[in-house]
Amino acid sequence: MKALCWHGKHDIRYDTVPDPQIEEPRDAIIKMSSCAICGSDLHLFDGFMPGMEAGDVMGHEFMGEVVEVGSGNKKLKVGDRVVVPFTICCGECEQCQRGNWSVCERSNRNKDIADKVFGHTTAGLFGYTHLTGGYAGGQAEYIRVPYADVAPVKVPDGMSDESVLFLGDILPTGWQAAVQCDIQRTDTVAIWGAGPVGQFAARAAILLGAKEVVVIDRLPDRLSMAKACGALTINFDQESVVERLNELTGGKGPEKCIDAVGMESHVGSTVDTFYDRAKQAVMAESDRPHVLREMIYVCRPAGVLSVPGVYGGLVDKIPFGMLMNKGLTVRTGQTHVNRWTDDLMRRIQQGQIDPTFVITHTESLADGPEMYKTFRDKKEGCIKVVLKP
Ligand code: NAD
Ligand code: ZN
Ligand code: ZN
């Protein structure tokens, strides 16, 4: 079959690879109808995530039709249409039982390595690093889904791929980011990053009743998309984020702050970003945590920092004293996708959310290598790419 494979930094290829096979009784094989490129894929593309190997199949946002089912799988049958969450979950361990799906204790087949690197393992993830199991991803014609009787979400008849595809990752990710803020009617919620995750976080914060939502980025088309849902916007190339957020909140700072940027914060706006880039280049720091620093500084005391943005390893110069003395709460994590999918599917069906607005590019899988560059460089107004195998 054809698939997009990682061959090193900035090197994604449209390769021919072996077709996946059923390996365990609970597996299923899915024939892809649509898949997408996520901001998290860019961290692999840009070579900042450790644990990738040449030939790894990329992709963790995908959906399609079940074409083969293992003998022990009682949930799926051939012909079912499913969206597959990016987190692989056994459904039986203590964490799965508690709904902490992204930290399933059994689905990471490289548990030993993860135990050493993170202290304790987290869930297996599709198309991601070998630290999370090194499972082949969904930017491919077919995929093997382990524990396929747990996470996959069946798609009701009549719903388009585009309307449900993002249930596997960025929609629940934006939603969880907002839920973790414990939003009150009096809250100002500031969101760094107007990429797909920031866009969904903004809409979630509004649906969850925030008084005001402020989205921060530097790309005009992304800021316009955020404005369209009623958010205020700050262009950090043109004005001081801290001054503007204080101005908007009577000098007190936003109660809730969401980092939808992660480890590759833009370099250039402030001195600390040059410092991070220099340290990252010589591997003395794995991530560029400018947004974390800015959030800790500007957040109102006793506020909440919600961090869906992905970090890979070590960050530097985080003002922990400021965080502690201000009594801030930090909530983060890979998304517990299945915690939110039933509710979000219902909201899509009721028309409360239409996730298709975020799609700017639909191309063939073969165009994937080019589309990684277009998405990374934010060329042609690119915000979200859907690929059709
Ligand atoms: P994206 O790359 O499209 O968007 C990131 C945006 O941040 C860009 O628009 C960029 O201009 C902006 N930005 C860069 N530096 C900034 C700064 N200093 N201040 C404000 N904005 C800045 O990515 P995305 O798909 O929206 O994903 C965003 C983050 O969420 C990534 O780190 C991704 O890995 C992560 N993510 C996490 C999960 C999860 O489960 N926690 C799931 C999906 C994505
Ligand atoms: Zn993702
Ligand atoms: Zn589990």
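Reader: What are the conventions for numbering, and what are the limits of the model?

Author: Residues are numbered from 1 along each chain as its sequence is written, while chains are lettered from A and ligands numbered from 1 in the order in which they are written. The model is predicted, with local features needing pLDDT of at least 70, side-chain atom pairs counting only at pLDDT 80 or more, and totals for chains, interfaces and linings using all residues; side-chain values use heavy atoms, leaving out hydrogens and water.

Reader: Why is helix α5 described as largely enclosed?

Author: Buried means under 20% relative accessible area, exposed over 50%, and partly exposed in between (1.4 Å probe, protein chains only). Helices (H or I, at least four residues) and strands (E, at least two) are DSSP runs, numbered from the N terminus. Helix α5 spans residues 170-179, and nine of its ten residues are buried, so the rest of the structure largely encloses it. Among the buried ones are P172, T173 and Q176.

Reader: Which elements do the buried residues of α5 pack against?

Author: Contact means heavy atoms within 4.5 Å. The partners are the strands β5 (61-69), β14 (256-259) and β15 (304-307), together with the helices α6 (196-207) and α12 (341-349).

Reader: Which backbone atoms face polar atoms of ligand 1?

Author: A polar contact is a pair of N or O atoms within 3.5 Å; within protein, one must be able to donate a hydrogen and the other to accept it, and residues adjacent in sequence count only if both atoms are side-chain atoms. A polar backbone atom of P308 is 2.9 Å from a nitrogen atom of ligand 1, and a backbone N or O atom of G193 lies 3.4 Å from a nitrogen atom of the ligand. For T335, a backbone N or O atom lies 2.9 Å from an oxygen atom of ligand 1.

Reader: Where does T335 sit, and is it buried or exposed?

Author: T335 lies in the loop between β16 (329-332) and α12. T335 is buried, at a relative accessible area of 2%. Its side chain makes a polar contact of 2.7 Å with the side chain of T173. Beyond neighbours within four places in sequence, the contacts of T335 include P172, T173 and Q176, which are buried residues of α5.
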